[in-house]
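Open the model in a viewer and keep a selection tool at hand. The stops below go from one selection to the next.

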Amino acid sequence: VDDDVRIRRAVADDASFLVEAICEAEKAGTDRLSYCRIFDLDEEDFRRRLNGMLLEDLTGQELCISDFLVAEIEGDLVGACCGWVEGANGSPSTILKANLLLFGIEAQRIRAAKERFGWLAQLSIEREPGAIEIESVYVRTRGRGRGIAGRLIERHLLELRSSATAGKAQVILTTTNEMARHAYEKAGFRPIAERHSTDVRLLELVPSLGKLLMERPLMGDASVNGHG
Amino acid sequence: MARDENTIIEEITPIFREIFDDPALVITPQTTARDVDGWDSLTHMSLIVAVEGRYKIKFGLGDIVKFRNVGDMCRVVLKLHG
């Protein structure tokens, strides 16, 4: 454990870094930012809108500032990770996120995206109510190789486990993101389910034709500790 | 006759049937996303935009996040559209 790495809850001043984290995690090493492809936005425009959506701080879904933990080295932000308990406030996170997108993206663009929504449904994986959900794990080059992703995840599990009635943590990732899969396996997650499609139109929107659900139990897990 | 929740339910039922591709779909004020096959984030966005378009209204984020069922949506439609 590096003592110069500080992990803390994100605040509004971190919004631009969180925009970077969300966009880079979503791209999964490709140049495909699905939000831009789905809603026909250029990346700069989407990043500006995402900043505004984050500032609404709608908890229980992946575009919420206060559901993020960030890592700093000597005051510089180097890592981020979002975590929440699925459905804790009564609504699925996907519906909460959809409400936020309705706030940030005009109706005309959403109507125009309807056909693309149909394509995306082929890769849909449901999250389990009461499970801790991990999203948008991102570490800048400066922080890599220091176990920061794992520490961010561990801190989320530690802070959320008492509310996680399903007794597990989940993460959904694109099947081609081997680096992320390795990081999650290192953090104790194991593959549970996959969705695949042969519809190549999806590659216009998302990084791959598959999604993977990984899980990790919480009960009796000695590796959940207070690092950071 | 005063417009009420039931009037709105009748008016938006065709929208639900079209979005969820189910000509026999019946909705009530108590209907939630969990009760309707295919009600996910993507169909949710299409649904909300279609209802807004039907009444020429725009739901505020503060209203929309409080929707727990179709009845909640109808009450906000009545408030914004009358």
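Start in helix H4 (residues 70-81) of chain B and select Asp72(B) and Arg75(B), which both lie there, three residues apart, about one turn of the helix. Helices here are DSSP runs of H or I with at least four residues, strands are runs of E with at least two, and both are numbered from the N terminus. The two side chains meet in a salt bridge, 2.6 Å from N to O. A salt bridge is a side-chain nitrogen of Lys or Arg within 4 Å of a carboxyl oxygen of Asp or Glu. Asp72(B) is buried at 18% relative accessibility, whereas Arg75(B) is partly exposed at 42%. Buried means under 20% relative accessible area, exposed over 50%, and partly exposed in between, with a 1.4 Å probe and protein chains only.

A note on the conventions: this is a predicted model, in which local features need pLDDT of at least 70 and side-chain atom pairs count only at pLDDT 80 or more, while totals for chains, interfaces and linings use all residues. Residues are numbered from 1 along each chain as its sequence is written, chains are lettered from A and ligands numbered from 1 in the order in which they are written, and side-chain values use heavy atoms, with hydrogens and water left out.

Next, select Glu11(B) and Arg54(B), whose side chains form a salt bridge at 3.7 Å, N to O. This pair links distant parts of the chain: Glu11(B) is in helix H1 (residues 5-19) of chain B and Arg54(B) in helix H2 (residues 41-55) of chain B, 43 residues apart. Arg54(B) is partly exposed, at 39% relative accessibility.

Move to chain A and select Lys27(A) and Glu43(A), a salt bridge with its closest N and O atoms 3.1 Å apart. Lys27(A) sits in helix H1 (residues 15-27) of chain A and Glu43(A) in helix H3 (residues 43-55) of chain A, so the pair links distant parts of the chain, 16 residues apart. Lys27(A) is buried at 10% relative accessible area; Glu43(A) is partly exposed at 26%. Then select Asp45(A), Arg48(A), Arg49(A), Glu106(A) and Arg109(A), which a network of salt bridges links. Over all chains the count is 33 salt bridges.

Now select Phe59(B). Together with Ile12(B), Phe59(B) touches the most other members of the largest nonpolar core, which has 73 residues. Such a core is a set of buried Ala, Val, Leu, Ile, Met, Phe, Trp, Tyr and Cys residues joined through side-chain atoms within 4.5 Å. Leaving out residues up to four places away in sequence, the contacts of Phe59(B) (heavy atoms within 4.5 Å) include Ile48(B), Val51(B), Phe67(B) and Leu80(B).
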